[in-house]
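Welcome, and please open your viewer.

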Amino acid sequence: MSHPSADAIVVGAGPAGTAAAFQLACAGRRVVLLERQQAPGLTNPCGGGMAASVQRLFPFDLTPAVDQVIRRVRFTWSLGDPVTAELPGDAPFWIVRRSRLDAYLADQARQAGCQLRCQSEARVIGREDGLWNVRIGADETLAAPALVLAEGSASGHAASLGLGPASPRYAATVSVEVEGAVSEPDTARFDFGLVHHGFCWAFPRQGGTSIGVGTFIGQQEADSDAVLASLLPSLGLPVEAGLRRRGRLRVWNGHHRLDGDGVVVAGDAASLCDPFLAEGLRPSLLSGCQAGRAIDRWLGGDRNALADYSAAMRQDWGDSMAWGKRIAQVFYRVPKVGYQLGIKRPTAPQRIAQILSGEMGYGDIAQRVIRRLLFQRG
């Protein structure tokens, strides 16, 4: 029988994994946090937008990881027909760099007592005699009674353990990081006309702009070169600017069990990304915090704690995303109608701003929006 190396092993040092490790370490648990890269957040393609409401999840200040505070959101159709919404609150939407955010959260977890091990990929995972065994090298295996899977969109372990969707649904993305001055540093932009069955975005950050192209129906990739050839000049940037990286987002696609025997899955590995606006950081941080607390309760003898985690994520995130999925299915099939009947309505931009800020869920607007899109075309 293996001897436990820790109380819990967390696989993946992204937002979900570092949040879970921090919660467990603060509770006095022995935690090993595994990261396959040389450091957390090195190569993650991510626009970096997240609701400032995530601050309430943590006892420490998140602003050292924040690059830019967004005060307004501008929506356009094929770069024209603009609508601008002022965001509610003092700091409703933040732009972060994943390398900085992940490293900052990992440092907070380390200070709380977590052991971070980089360049340690979880190659084989199995359970035996009440312990999870994680092989991270040719001859090294760690063991612990509890396991958190937070490996991101590329995760293969969750589905093999029957957690999350068996066949995840993906959105295809291209991300571009461009250095240089930003004309409107407090404005995030979304365009719904340039991308078939999707949208593109431009988020200002310190010293540059994070730009992305996403396709949300059919999993096909957008003609990103053509989209960027129009988008970049509209931002005052050369067509060839920036480093381009292709990626996939595992978007929310139904309620699924996120817990098993001593194991939970969190973040992108749990397919929690918003299927309409592609927000992934808020559900990653939320699920990571909830996962860490649930594992702590389970280690303390609460046998219902992990099932409660699945139920809480359904209530706190999944129920809203179920409506978000329905909105996305209608909107992205008839995006021009969606823009005219949805985005351009007097109250719509403010409602979307409230969703981005975490003040409102899709369920609060879904039935009216879907009815409008289905029955008022033309």
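## Cysteines, then a strand

Start by selecting Cys 289 and Cys 26: the sulfur of Cys 289 lies 9.8 Å from that of Cys 26, its closest cysteine sulfur, which is too far for a bond. A disulfide here means a pair of cysteine sulfur atoms within 2.5 Å. Keep in mind that this is a predicted model, in which local features need pLDDT of at least 70, side-chain atom pairs count only at pLDDT 80 or more, and totals for chains, interfaces and linings use all residues. Residues are numbered from 1 along each chain as its sequence is written, and side-chain values use heavy atoms, with hydrogens and water left out.

Stay on Cys 289, which is buried at 0% relative accessibility. Buried means under 20% relative accessible area, exposed over 50%, and partly exposed in between (1.4 Å probe, protein chains only).

Cys 118 is partly exposed, with a relative accessible area of 25%.

Now move to strand S7, residues 93-96. Strands (E, at least two residues) are DSSP runs, numbered from the N terminus. Phe 93 and Ile 95 point one way, Trp 94 and Val 96 the other way, and all are buried.

S3 (residues 49-51) runs antiparallel to S7, joined by three bridges, with Gly 49 opposite Ile 95. S4 (residues 66-70) is also antiparallel to S7, over four bridges; there, Ile 70 has Phe 93 as its bridge partner.

Methods:
Two strands pair if DSSP finds at least two bridges between them.
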